[in-house]
Amino acid sequence: GVPDLTPSDQLLKSALQSLGIDASPLIWTDPSCFTQSWDAIVIRSTWDYHKQHQNFLRWVAEAESHTLLLNAANILRQFSDKNYFFDLLKKGVACVPSLFLKKEQEDVTQIIQQIQEQGWSEIVVKPTVSATSYMLFKSSITNKDLPTKLSNIQKHSDVVIQPFLESVAEGEISLIFFHNKSDSIEFSHAVLKTAKEGDFRVQTDFGGTQTMTTVTESLVEFGVSILRNLSGNWVYARVDVLNWSKSPLLGELELVEPDLLLTLKPESADHLARTI
């Protein structure tokens with residue numbers, strides 16, 4: 001957690017307070033967090049959950065028993081693990097092509113064969129339970145260390161394997177949406193995230209940049225069409241899109257603890273506060 005709140009969440013706290021709502025930071029790993037009574041808990045910057053995933057899921061279950069949880073517990077459970085990609089692919093959502101290696105699958109040679117059958121020469125590999133590029137790496141399929149690297153991730157969680165897309169060079173677009181009580185999905189803003197030269201990771205932790213951008217109605221509708229697949233109460237979502245200038249592909253559907261990039265459009269904090 002982030003005790004002092006991120007700059008983005010500080011904006012949200014102020015926006016909630018301007019509506020007469022008393023908002024205070026709550027650290028999910030604090031054993032005393034349920035000694036107080038809360039009308040609702042809005043999940044924000046739980047950026048350490050992936051390192052203690054089972055504890056986080058137990059906390060979600062307990063929080064749900066105490067108060068209203070936003071996003072809802074079933075959403076948090078499903079989307080804290082990138083196996084959700086498998087479900088969306090089955091529903092026909094245009095996602096980055098993905099293969100999955102289960103944690104308990106001891107022999108990784110089969111998945112390497114499947115990668116070769118897909119014709120992927122370069123791949124991006126990451127745990128299904130991760131945040132901020134945790135344990136993520138890019139590799140050639142011929143890399144002799146690939147089996148060992150896959151096995152190392154399996155000690156943490158299942159593994160998702162995707163082709164490296166050349167369109168990464170144009171950057172990734174994050175679409176921010178809010179979902180109000182009348183079941184309306186409202187587009188807030190779009191941010192272009194680009195990696196620094198020589199890297200492919202777009203996070204600012206690795207030198208990436210973030211700038212506000214305008215997007216087409218069709219790209220917004222692409223995001224909305226994905227969000228219509230959700231079942232459960234949610235108030236915020238970030239849809240990360242790759243290959244956006246040609247045929248958009250879902251890179252990530254962030255519903256647990258995404259940076260909503262409110263500082264790039266400060267009035268969006270008021271929008272989210274009204275939604276909550």
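Lys-193 is buried, as is Glu-172, where buried denotes under 20% relative accessible area, exposed over 50%, and partly exposed the range in between, for a 1.4 Å probe and protein chains only. The model is a predicted one, in which local features need pLDDT of at least 70 and side-chain atom pairs count only at pLDDT 80 or more, whereas totals for chains, interfaces and linings use all residues. Residues are numbered from 1 along each chain as its sequence is written, and side-chain values use heavy atoms, with hydrogens and water left out.

Lys-193 and Glu-172 form a salt bridge, with the closest N and O atoms 3.4 Å apart; a salt bridge requires a side-chain nitrogen of Lys or Arg within 4 Å of a carboxyl oxygen of Asp or Glu. Because Lys-193 belongs to strand 8 and Glu-172 to strand 7, the pair ties together parts that are 21 residues apart in sequence. Helices (H or I, at least four residues) and strands (E, at least two) are DSSP runs, numbered from the N terminus. A salt bridge also connects Arg-238 with Asp-240, the closest N and O atoms being 2.9 Å apart. Both Arg-238 and Asp-240 are buried. Through shared partners, salt bridges join Glu-172, Lys-193, Arg-238, Asp-240 and Glu-254 into one network.

By the same rule, the count of salt bridges comes to 12. One of these pairs Lys-82 with Glu-252, at 3.9 Å between the closest N and O atoms. This pair links distant parts of the chain, 170 residues apart: Lys-82 lies in the loop between helix 3 (73–79) and helix 4 (84–90), and Glu-252 lies in strand 11. Lys-82 and Glu-252 are both buried.

The sheet is considered next. Strands of a sheet pair through backbone hydrogen bonds, either parallel or antiparallel. Here, five strands form an open sheet in the order 9-8-7-10-11, with antiparallel pairing; two strands pair if DSSP finds at least two bridges between them. Strand 9 (209–213) and strand 11 (249–254) are the edge strands, each pairing on one side only. From one strand to the next, the twist averages 30°, with axes fitted as lines to C-alpha atoms, for helices over the stretch in contact, and angles running from 0 to 180 degrees between N-to-C directions. Strand 7 (residues 172–179) and the antiparallel strand 10 (residues 236–242) are joined by six bridges. Within this pairing, Ile-176 stands opposite Arg-238 of strand 10. Helix 8 (residues 267–275) packs on the sheet and touches strand 7, strand 8 and strand 10, its direction making about 140° with that of strand 8; contact means heavy atoms within 4.5 Å. Helix 7 (residues 217–227) lies across strand 7, strand 8 (185–194), strand 10 and strand 11, at about 55° to strand 7.

Aromatic pairs number nine, the rings of Phe, Tyr and Trp (its six-membered ring) being paired if their centres lie within 6.5 Å, with planes under 30 degrees apart counted as stacked, over 60 as edge-to-face and the rest as tilted. Phe-34 and Trp-59 are stacked because their ring centres are 5.9 Å apart and their planes stand at 25°. Phe-34 is buried, with a relative accessible area of 16%, and Trp-59 is buried at 7%. Ring pairs link Trp-28, Phe-34, Tyr-49, Phe-56 and Trp-59 into a cluster.
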